[in-house]
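I opened the notebook again today and went looking up a few places, one at a time.

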Amino acid sequence: MSLSPEDISRIALLSRIELSAAELETTRDQLNGILGFIEQLQAVDTTGIEPMAHAVDVVQRLRPDLVTETDRRADFQAVAPETEAGLYLVPRVVE
Amino acid sequence: MSDLINASLKELGAALTAKKVSAVELATLFLDRIETLNPGLNAFIALDRDKTLAQARAADETLKVGAGATALTGIPLAHKDIFCTRGWRTSCGSRMLENFISPYDAHVVEKLAAAGMVTLGKLNMDEFAMGSSNETSYFGPVKNPWDVARVPGGSSGGSAAAIAARLAPAATGTDTGGSIRQPAALCGLTGLKPTYGAVSRYGMIAFASSLDQAGPMAKSAEDCALLLTAMAGFDPRDSTSLERPAEDYSRDLEQPLTGLRIGLPREFFGAGMDADVRAAVEAALAEYRKLGATTVEVSLPNSGLSVPAYYVIAPAEASSNLSRFDGVRYGYRAPEYGDLNDMYSKSRAQGFGAEVKRRILIGTYVLSHGYYDAYYLKAQKIRRLIAADFQKAFESCDVIMGPTSPSVAFAFGAKSADPVQMYLSDIYTISTNLAGLPGMSLPCGFGAGNMPVGLQIIGNWFGEAKMLQAAHQYQKATDWHTRMPEEMK
């Protein structure tokens, strides 16, 4: 199976990555090359095989519900592109 | 001074304890070499002499008092720029984090600093650890000190080049599909990727969380054992960190290899490996037999599927992990944009490089509605087959050996036009990550163009001490690991 220009646009939108018209074409070629390569997985019989999501079988640890962090909001916001009064600024989403 | 740049960590530790050299002198020695040689190599991408020397002075204080000093106190090292390092720029090789000064330390950075090690700087890498040649770094490629027309490997290429050129005695690296072992092989070093979960991932910028693992890179197995002992350990801040008693990874180094059973996977010795690599690996195996080990053929029948399975699983996890880079809380934000979605899309388009975008797009696709079962779930089932092959093989051997990389270091541009060709350079290393097993590479000779060749050792879960023993005994009988590039002397 091969990805169409429309497929690429949809994937780019889902990924929140803007692609120019020129990038769209090269991206399509490269992604189709990679998909062609991973296509060989389809030929393997995996009937009855449990998917392996992780390298080791671990169960999620629980911890007591206690405050363990100190307030470092100013430090963490110092690396943000735009803040004001302790808040992150983004374009208006609600009119 | 040439004895100090080639000294083992143990020798450096002894010189520091005996006050033959101070931590400040040692840091200065390496900083001066970096100043002279780094412009031609591009291994370091962040340096801060004042910070380094302040840490060295503190180490000298500790050494003077004696109490609180460890075997590593005062020894300099450098961190791959994937590790958050408080007060240092932590870029992950990306424009996205070009101006990110980390407000906290990764667990590994914290532990090595607590052991008294001195940070020389931050090391170049493939962008977000995605690459096998260091050509995807936003800060330009790292050059291989053995031949500056060739790649150092990747993604921990800066770490490998820095040690090979003796700009640092040791470095941290990370390995998702071979990113410690392949550059170690291509630059003539010893590097180890521990069992998944042995070293905390806290503060290590995530690429593919079920595969990422940090480990040491140095000149010898003995050095790696010391470093790993200081790096490993349980950390509640990483949900996959394993709760196990602390280990001394140096404990078995001096044990002889008599009776060691080495498994040689048929699939690792077929076509696809260059003749020069094969010759060096075969010679190493002959040396192991001389040391008392026996070799037995084993099979990893599904290992050929590891690269395609990896290129479903790793991009899928990357697409999810890298969604955090949205231009809101940290990282690059496009200068001009319309609404919120436009801000995300433009910031990510401009902040990420081509390979990172490719992997996010592939990952998004294989996880998207209607394709999840066909790609992601299928790859996860094949991952189990690959992991089961190893358990079968370990029924008849203690460690597995083979080549680390199918070829010696290649020229810049040789594989950058075709992503799939680049992906295949990790053909011998990727299956280990999928199975969560420890793997290491050590130098075992030279091939075409007088470039180093790496021997790979794969162990079963928690087999690090045994692997390090096997590597150390080989290094006592050979001197490949002591060689350094003529040009860097």
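**Entry 1: a lysine in a helix.** I started with B:Lys111, which lies in helix H5 (residues 107-114) of chain B. I kept in mind throughout that this is a predicted model. Is B:Lys111 buried, partly exposed or exposed? I found 18 other C-beta atoms within 10 Å of B:Lys111, so this residue is partly exposed; the cut-off for buried is 20 or more. Leaving out residues up to four places away in sequence, I listed B:Ala230, B:Met231 and B:Gly233 as what B:Lys111 touches. I also checked B:Ala280, 169 residues from B:Lys111 along the chain, and got 36 Å between the two C-alpha atoms.

**Entry 2: an aspartate in a strand.** Next I looked up B:Asp175, which has its place in strand S4 (residues 170-175) of chain B. B:Asp175 is buried, because 32 other C-beta atoms lie within 10 Å. Its contacts, not counting residues up to four places away in sequence, are B:Ile180, B:Arg181, B:Lys193, B:Gln213, B:Gly215 and B:Asn433. For B:Val148, 27 residues from B:Asp175 in sequence, I noted a C-alpha to C-alpha distance of 24 Å.

Entry 3: Strand S5 (residues 190-193) of chain B pairs with S10(B) in the antiparallel sense, over three bridges. How many of the eight residues of strand S10 (residues 439-446) of chain B are buried? I counted seven, and noted the strand as mostly covered. S10(B) also runs antiparallel to strand S11 (residues 452-459) of chain B, with six bridges joining them. Across that pairing I found B:Leu442 opposite B:Leu455 in S11(B). S10(B) and S11(B) form a hairpin with five residues between them, and B:Gly449 in the turn has a positive phi of about 70°.

Entry 4: Most residues other than glycine have a negative phi, and most peptide bonds are trans. B:Phe128 goes against this with a positive phi near 50°, and its place is in the loop between S3 and H6 of chain B. B:Phe128 is buried, since it has 30 other C-beta atoms within 10 Å. B:Asn134 is found in the loop between S3 and H6 of chain B too, and has a positive phi of about 65° although it is not a glycine. With 32 other C-beta atoms within 10 Å, B:Asn134 is therefore buried. Which peptide bond is cis? I found the one from B:Gly154 to B:Ser155, with omega near 10°. B:Ser155 sits in the loop between strand S3 (118-123) and helix H6 (157-164) of chain B.

**Entry 5: a helix and its cover.** I moved on to helix H13 (residues 373-393) of chain B, whose 21 residues reach 29 Å from first C-alpha to last, close to the 30 Å expected at 1.5 Å a residue. Its buried residues include B:Tyr375, B:Tyr376, B:Ile382, B:Leu385, B:Ile386 and B:Phe390, and B:Lys378, B:Arg383 and B:Asp389 are among them as well. Among the elements covering these buried residues I noted strand S7 (261-265), strand S8 (294-298) and helix H10 (306-321) of chain B. S7(B) and S8(B) pair in the parallel sense over five bridges, with B:Leu264 opposite B:Glu297 in S8(B). Together with helix H9 (residues 275-290) of chain B, S7(B) and S8(B) make a right-handed β-α-β unit.

**Entry 6: domains and chains.** I zoomed out to the domain assignment of chain B, which gives domain 1 (2-258 + 463-488) and domain 2 (304-381). Their centres, taken over C-alpha atoms, are 29 Å apart. I found 20 residues of domain 1 of chain B in contact with 17 residues of domain 2 of chain B. The domain 1 side of that contact divides into 10 nonpolar, seven polar and three charged residues.

Last, I looked at where chain A meets chain B: the contact takes 40 residues from chain A and 52 residues from chain B. On the chain A side, H2(A) gives the largest share, seven residues. That side of chain A divides into 25 nonpolar, eight polar and seven charged residues.

Key
Residues numbered from 1 in each chain as written. Chains lettered and ligands numbered in written order. Predicted model: local features only at pLDDT ≥ 70, side-chain atom pairs only at ≥ 80, totals over all residues. Contact = placed C-beta atoms within 7 Å. Helix = DSSP H or I, 4+ residues; strand = E, 2+ residues; numbered from the N terminus. Nonpolar A, V, L, I, M, F, W, Y, C, P; charged D, E, K, R; others polar. Expected span 1.5 Å × (residues − 1). Buried ≥ 20, exposed ≤ 12 C-beta atoms within 10 Å, placed from the backbone. Domains from an automatic or database assignment. Pairing = 2+ DSSP bridges. Right-handed = clockwise from strand over helix to strand, strands pointing away.
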